[in-house]
Structures are given as C-alpha cells and as structure tokens.
Amino acid sequence: MARHMHTGKIGELLGHRYLQNQQFILLATNWRHSHWEVDVIASKNEVLHFIEIKTRRTASYGMPEDKVDAKKISYLQNAAAQYLYQHPQWKRIQFDILSISLHANDTADYFFIADVH
C-alpha cells in the first residue's frame, strides 16, 4: 500500500476515535453513493454532520485541510443530498472538516472546522 494511502487509513481511524471522544455518534463511515464518498456521517445534538477527514505527516505541501477545495465540498453536498433522500428525518445538517497532522513521535494534532460551505 502506498504511504499516502496508509496515512489516510491511520487518519480515518484516529478521526473516528476523536469524533467519538467529542460525543459524535458515528452513523456511517466511508459512505458511498455513485462516485461520491463521505468519510464520516455522524450525529451530535440533533444535527447530522457530513465530515471529511484529511491527514498529513508533514506540512511541506500545506495543511491537511488545504486539500478540501470547492470541488470536494460540492461532492459532499451531492452525497449529502442522496443520504437525506434515503434518511429524510434529519432537519439540520452541517458539513465539517477534521484535519489531522501526524508527528514522528506518534502524536497527532486535530483541527476541527465546523460548518464549512
């Protein structure tokens, strides 16, 4: 497995644990519809969250959240529309980014960006 894919998998596992520690209830991970994928669909305080997790081992190419561009947000919105079609009970939704920076000493920094557009 390529190193960047391995980093992504580690980041997703760390992200799941982080979100659960922040009182999110994970409803789906790596949810797919057509060619769209949402890393995490979770609920907290009666809000449905569509969360993109980005992980980096170095800031040489920018921070992890820098990779979530307008196109990616558009994909999240399209996937969310389909999820809401299948689960219409949700009245409030939000799009979030969880940025994870991994360090050589096996620690991680988390940066949660709530309600991106």
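Biologist: Which residue forms a salt bridge with Lys 72?

Modeller: This is a predicted model. A salt bridge needs a side-chain nitrogen of Lys or Arg within 4 Å of a carboxyl oxygen of Asp or Glu. Here the closest N and O atoms are 3.5 Å apart, and the partner of Lys 72 is Glu 52.

Biologist: How many residues apart in sequence are the parts that this pair ties together?

Modeller: Glu 52 sits in strand β3, residues 47-56. Lys 72 belongs to helix α2, residues 70-86. The pair therefore ties together parts whose separation in sequence is 20 residues.

Biologist: Which residues are joined into one network with Glu 52?

Modeller: Glu 52 also forms a salt bridge with Lys 54, with the closest N and O atoms 3.5 Å apart. Salt bridges that share partners link Glu 52 into one network with Lys 54 and Lys 72.

Biologist: Is Glu 52 buried or exposed?

Modeller: Buried means under 20% relative accessible area. Glu 52 has a relative accessible area of 3%. Lys 54, at 25%, is partly exposed. Glu 52, by its value, is buried.

Biologist: Which residue forms a salt bridge with Arg 32?

Modeller: The closest N and O atoms of this pair are 3.2 Å apart. The partner of Arg 32 is Glu 37.

Biologist: How many salt bridges does the structure hold?

Modeller: Arg 32 pairs with Glu 37. Lys 54 pairs with Glu 52, and Glu 52 pairs with Lys 72. The number of salt bridges in the structure is three.

Notes. Residues are numbered from 1 along each chain as its sequence is written. This is a predicted model: local features need pLDDT of at least 70, side-chain atom pairs count only at pLDDT 80 or more; totals for chains, interfaces and linings use all residues. Side-chain values use heavy atoms; hydrogens and water are left out. Buried means under 20% relative accessible area, exposed over 50%, partly exposed in between (1.4 Å probe, protein chains only). Helices (H or I, at least four residues) and strands (E, at least two) are DSSP runs, numbered from the N terminus.
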